[in-house]
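Subject: Structure handover

Hello,

Please find the structure below. My notes on it follow.

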Amino acid sequence: MYKKFLIWPLIVVASLLPVGISQGASKTNITNVRVVTRNDADTPFVRTVLDVTGPVQPRFAIDKSGYNIVVTIPNTNLSRSINPRPQVNQNVISRLELGNKGPHAEVRIRVPKAVNTKDLKVFTLDGNARQKISNRVVIDVNDKSGKVQQWSHWHDSKDSISKPFSESIKKDFKGRKPFAGPGRGDMIWPVKGVITSPFGYRIHPIYGRQILHSGMDIGVDYGTPVKAAMGGVVVEADWISGYGNAVVIDHGNGMTTLYGHNERLNVITGQTVKQGDIIAYAGSTGNSTGPHVHFEIRVNGEAVDPALYL
């Protein structure tokens, strides 16, 4: 009789213990945070991206003053490795703080100019285990200052800093029809996406002078297949300073194309590829603030507008 009453409490404890352990282990964690300034929309904005270990359902609130935003992520922890006060663009966000409040993670944002729900967007993006992409919480806050500059990377072409874009085009083609490629007459788009930064001259956000953005940036998600715009021979498939993981294809007649910032490459140097072959998978390596493909065309070494060939 004594043994019977002793065994029952042990069975109850044993049955409860694994449940408690599995619940604790299943709690979602925020493992990384990054903040970038972007203008690939009608209104420039600051984007905060949180990598999380599982699906979440964030909610947000803006106080009556419009200066304080709180994004709450239920049943989520903030990893110890994260900087709770990351650097931000002070024109758009005065202060950004991350922390835990009970069983929830909180992102507290203070803005210098009052915002409303039209100026704030909070959404999630699903992860992909095969491609090693985390689930993400994305927080976009619109710029109300009018001071946000071009977000994309820039390439400083020493031989063409001072000349206007129109002169560059005249020099490239010298009155002839735009070069269309060896026998094809066209190129295909390497990826389908939104043009987040076109080819051309801009005022550099740091140097304050005109500098050529030597290609076209096409915004796509991580892991998007990147295709060869035209057939040719791969002359580079490696890390290139500024471009990250990049592929350069020689199409003959002095024409090359470059595909930059890839997550990983699918070709090797010396390989022959056909138009439409998958040569890489998009990412954000090198001098980049978000996933996209930097697509560049050069004729006899001179960067030209890809839009003329697509």
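How many helices and strands make up the secondary structure of the protein? There are two helices and 21 strands. Please keep in mind that the model is predicted.

Some values for the whole chain come before the details. The protein has 310 residues, and 44% of them count as buried. Its exposed surface comes to about 16600 Å², with 53% of that supplied by carbon and sulfur atoms. Among contacts with a separation of 6 or more, 63% are between residues 24 or more positions apart.

At the β3 end, the pairing with strand β4 (residues 68-73) is antiparallel and runs over four bridges. Within this pair, R59 stands opposite T72 in β4. As a general point, strands of a sheet pair through backbone hydrogen bonds, either parallel or antiparallel.

D119 sits in the loop that lies between β7 (104-110) and β8 (120-125). Is D119 buried or exposed? The relative accessibility of D119 is 11%, and because buried means under 20%, D119 counts as buried. Which residues is D119 in contact with, once its neighbours within four places in sequence are left aside? They are D140, V141, N142 and K144.

V36 and D140 are 104 residues apart in sequence, while their C-alpha atoms are 9.8 Å apart in space. V36 belongs to strand β1, which covers residues 28-38. With a relative accessible area of 14%, V36 also falls under the 20% limit, so V36 is buried. Leaving aside neighbours within four places in sequence, the contacts of V36 are with F45, V46, R47 and T289.

To sum up the two residues: D119 is in a loop and V36 is in a strand; D119 counts as buried, and V36 is buried too.

Regards

Note on methods
Residues are numbered from 1 along each chain as its sequence is written. This is a predicted model: local features need pLDDT of at least 70, side-chain atom pairs count only at pLDDT 80 or more; totals for chains, interfaces and linings use all residues. Side-chain values use heavy atoms; hydrogens and water are left out. Buried means under 20% relative accessible area, exposed over 50%, partly exposed in between (1.4 Å probe, protein chains only). Contact means heavy atoms within 4.5 Å. Accessible areas come from the Shrake-Rupley method with a 1.4 Å probe; for residues, only the protein chains shown count as cover. Two strands pair if DSSP finds at least two bridges between them.
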